[in-house]
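Thanks, everyone. Please have the sequence and the model open.

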Amino acid sequence: MHMAYHIDTGLIIEKFNVDCECPLCEIQKIVEEQFLHEFLNDAVMEDNTRIKVGKKGFCAHHFDMLFARRNKLSVALQIDTRVNVLKTILSEEKSARSALKQVKELDQASKTCVLCDYVEDSMVKYYKTIAQMFVRERDFFKTIIKSKGFCLKHYAELLRYSRYAGFAVKEYVSILGGVQKRNVERLQAELKKFCDKHDYRNALEPLGSAETALPRMREKLYGKKID
C-alpha cells in the first residue's frame, strides 16, 4: 500500500463555500482523518510504514489523535517500533561533551512526525492546485473573494506557492491579500464590539456575531483547533 492523497477540486470548491474562517483548515481536517484511518488499519502491517514510524515517530498532537480512536493495539505496536529506535540514542554518557551530543539527537528526535509529513505533503498539493484553479476555473476567483479568508499559516502557504498561478500570479496574490486583509479587519471590528460590550454604557447593546469573535480570531491566528 502506498499512502497518497488524491486532490479533489470539488472538495476545494465545497470548503471555500463553507462559512468558516479558513477553508484550508477544513480541508486539512479531512486529509488528516484519512491518514489517521490508514495508520490505524492497513498501514500498521506495512514494513515500509513501520520503518518510517520508527525513524520519525509521532508528534504529541497526532499521538493523542491516534490514541483517541478505537484501535489501541495498532498505536501500541507503532510506538513500540519508535521506542526501539529511540533506545539507540539513549546511553550513559561519560562527559558533558558527549551528553550534549545526546541532547542534540534527542532534540531532533522530538521534532519529527511521520503523520505531519504525510499531511503537509498533501496540503502542498492543495496550495498548488488552488493557484492553478485560479487560472483554469472560470469563476473560481469569485469563490475566493466571497470566502472569509484564511488562518495565517494557510494564507502564508498560499502565497508561498502562488507561482503556480503562472501568468496570473500578480492578480492572484492581489486578490488573496485583499480577501485576507478585509476579513482580518472584519474580525477585529467584531472583537472590538465584544470588548466595548463590557463597558456598562453598552450593556443593552446586542452582541450578535461578536459573541464568538474571540474563538474565531483564535482560528484566524492559529488555525482550526482539531480534536
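Before the packing, one term: contact here means heavy atoms within 4.5 Å. The model is a predicted one.

I start with helix α5, residues 72–86. Its buried residues are Ser-74, Val-75, Gln-78, Thr-81 and Arg-82. Looking down the axis of α5, they fall within an arc of 125 degrees, so they line one face of the helix. What covers that face? The elements over the buried residues of α5 include α2, α3, α4 and α6. In residue numbers, α2 is 23–39 and α6 is 96–109.

There is also a check on the length of α5. It has 15 residues, and at 1.5 Å a residue they should span 21 Å. The end C-alpha atoms are 21 Å apart, which agrees.

Next, helix α4, residues 60–67. Which residues of α4 are buried? They are His-62, Met-65 and Leu-66. Seen down the axis, the buried residues of α4 stay within an arc of 100 degrees, so they too line one face of their helix.

Helix α3, residues 47–56, can be described in the same way. Buried in α3 are Thr-49, Val-53 and Gly-54. These cover an arc of only 140 degrees around the axis, which puts them on the same side of α3. They pack against α2, α5 and α7. The face turned away from that buried side carries the exposed residues Asp-47, Ile-51 and Lys-55. After α3 comes Gly-57, with a positive phi near 65 degrees.

Now the aromatic rings. How many aromatic pairs are there? The count comes to nine. One of them is Phe-16 with Phe-150, an edge-to-face pair at 5.8 Å centre to centre, with 65 degrees between the planes. This pair links distant parts of the chain: Phe-16 is in helix α1, residues 9–16, while Phe-150 is in the loop between α8 and α9, 134 residues apart.

A second pair is Phe-63 with Phe-67. This one is stacked, at 6.1 Å centre to centre and 5 degrees between the planes. The two residues are four apart in helix α4, which means they are separated by about one helical turn. Phe-63 counts as partly exposed because its relative accessibility is 30%. Phe-67 is partly exposed too, with a relative accessible area of 46%. Lys-72 lies over the face of Phe-67, at 4.9 Å from the ring centre. Elsewhere, Phe-35, Phe-39, Phe-58 and Tyr-118 form one aromatic cluster.

Back to the start of the chain for two residues. Ile-13 is in helix α1, and at 33% relative accessibility it counts as partly exposed. Leaving out residues up to four places away in sequence, Ile-13 touches Met-133 and Phe-140. Its C-alpha is 19 Å from that of Lys-224, a residue 211 places away in sequence.

The other residue is Thr-143, in helix α8. At 12% relative accessibility Thr-143 is buried. Apart from its neighbours within four places in sequence, Thr-143 is in contact with Phe-16 and Asn-17. Phe-16 is the ring that pairs with Phe-150.

Last, the cysteines. How many disulfides are there? The count is zero. For Cys-20, the nearest cysteine sulfur is that of Cys-22, 6.7 Å away. Cys-20 counts as buried, at 9% relative accessibility. For Cys-22, the nearest cysteine sulfur belongs to Cys-25 and is 3.7 Å away. The cut-off for a disulfide is 2.5 Å between sulfur atoms, so Cys-22 is in no disulfide. Cys-22 is buried, with a relative accessible area of 0%.

That is where I stop. Thank you.

Technical notes
Residues numbered from 1 in each chain as written. Predicted model: local features only at pLDDT ≥ 70, side-chain atom pairs only at ≥ 80, totals over all residues. Heavy atoms only, no water. Phe/Tyr/Trp six-rings, centres within 6.5 Å; stacked < 30°, edge-to-face > 60°. Buried < 20%, exposed > 50% of the residue type's maximum accessible area, 1.4 Å probe, protein only. Lys NZ or Arg CZ within 6 Å of the ring centre and 35° of its normal. Expected span 1.5 Å × (residues − 1). Arc of directions from axis to C-beta.
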